[in-house]
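Here is a short briefing on a protein model. Look over the sequence and the structure, then read the points below.

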Amino acid sequence: MIRRASRPNPRRRGYNSRRPVSLIEAATLRELRRDGRLIPFVGAGLSIPLGLPSWSRLIDSIAGQLGYDPDVYRLNGTKLQLAEYYVATTGSIGPLRSEMDRLFDPTDDAVRGSACHRLLVEMKPPLIYTTNYDRIIERGFELRGVPCHTVANIDDIASAPPNVTHVVKFHGTFSDDASLVLTESSYFDRLDFESAIDIKLRADTLGRSLLFVGYGLSDINIRYLLYKLHKLRDRLRHGGARLPSAYLAAFGAGEVQRALLARWDVAIVELDPIDKTRSTEKFLESLL
């Protein structure tokens, strides 16, 4: 009798919604945080509960200013290309930056009420990296009377005071138009990985581990960054046991992604995709 092979159970190979962050993961991350060797790298997902607009809404605003129907405008390129066309047409990134600065400005009460941003402050990290342009992370510190210093260019690096958290704006900040990575050309420039902020990141990550929170597994920007950092560390290592160079908090990661990222020394911390906000809060609480 020929027996049909049983189908693989996707839950057995992928995310288990009842699987908590393992004790080993939590203990390792807590130890890294206590030793000042864990660098949070924060994406837009951490600010979703604050009701910030999506890129689609921003593109719709751009389309209206240029006299396009939003549905038609979106068909003409990627978000970076459409932002670049806006800059080329208007002659400056200033109006677009001003519009984004207005839209990405939640109330003080909303920022104060964000558990994730409160926990970032309570972690007391020497460094936080972020691809977010806004000042929500900094405001989370300021509203609690905790000093921090924004780093978006080489002058900010030179003037950085000691003994406060440095918030490094990897894709720039609204207060410095030249620092913004917002168009296709500026993104391609960053692929060289040779700007002052890139050099700082390479130095900061030696002997430390990055913790990515608020990013999706398909985010090509972060995947490229992880790959470049892996290649750098691989050249500098000389054998022996090693911790992951980065941890990525993700929702519903499967075996394929775990295996691919493990090749770059990236460990996935699986969070609950059913309640993303609360799951992220509980994870950050576990680091304290």
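Ring pairs join Phe41, Tyr129, Phe170, Phe212 and Tyr215 into a cluster. The model is predicted. Its aromatic pairs number 13.

- A pair of aromatic rings is described by the distance of the centres and the angle of the planes.
- Phenylalanine 41 and phenylalanine 170 pair edge-to-face.
- Phenylalanine 41 belongs to strand E1 (residues 38-42). Phenylalanine 170 sits in the loop between strand E4 (165-169) and H11.
- The pair therefore ties together parts that are 129 residues apart in sequence.
- Phenylalanine 41 counts as buried because its relative accessibility is 0%, and the cut-off is under 20%.
- Phenylalanine 170 is buried too, with a relative accessible area of 7%.
- Arginine 190 lies over the face of phenylalanine 170, 4.5 Å from the ring centre.

**Helix H5**

- Helix H5 covers residues 79-90, which is 12 residues. From first C-alpha to last it reaches 17 Å, close to the expected 16 Å.
- Which residues of H5 are buried? They are Leu80, Leu82, Ala83, Tyr86 and Val87.
- Seen down the axis of H5, these buried residues fall within an arc of 170°, so they line one face of the helix.
- An α-helix has 3.6 residues a turn, so residues three or four places apart point the same way.
- The buried residues of H5 pack against helices H3 (55-66), H4 (70-74), H6 (94-103) and H11 (184-190).

Methods
Residues are numbered from 1 along each chain as its sequence is written. This is a predicted model: local features need pLDDT of at least 70, side-chain atom pairs count only at pLDDT 80 or more; totals for chains, interfaces and linings use all residues. Side-chain values use heavy atoms; hydrogens and water are left out. Helices (H or I, at least four residues) and strands (E, at least two) are DSSP runs, numbered from the N terminus. The expected span of a helix is 1.5 Å times one less than its number of residues. Buried means under 20% relative accessible area, exposed over 50%, partly exposed in between (1.4 Å probe, protein chains only). The arc is that of the directions from the helix axis to the C-beta atoms. Contact means heavy atoms within 4.5 Å. Rings of Phe, Tyr and Trp (its six-membered ring) pair if their centres lie within 6.5 Å; planes under 30 degrees apart count as stacked, over 60 as edge-to-face and the rest as tilted. A charge sits over a ring if NZ of Lys or CZ of Arg is within 6 Å of the ring centre and within 35 degrees of the ring normal.
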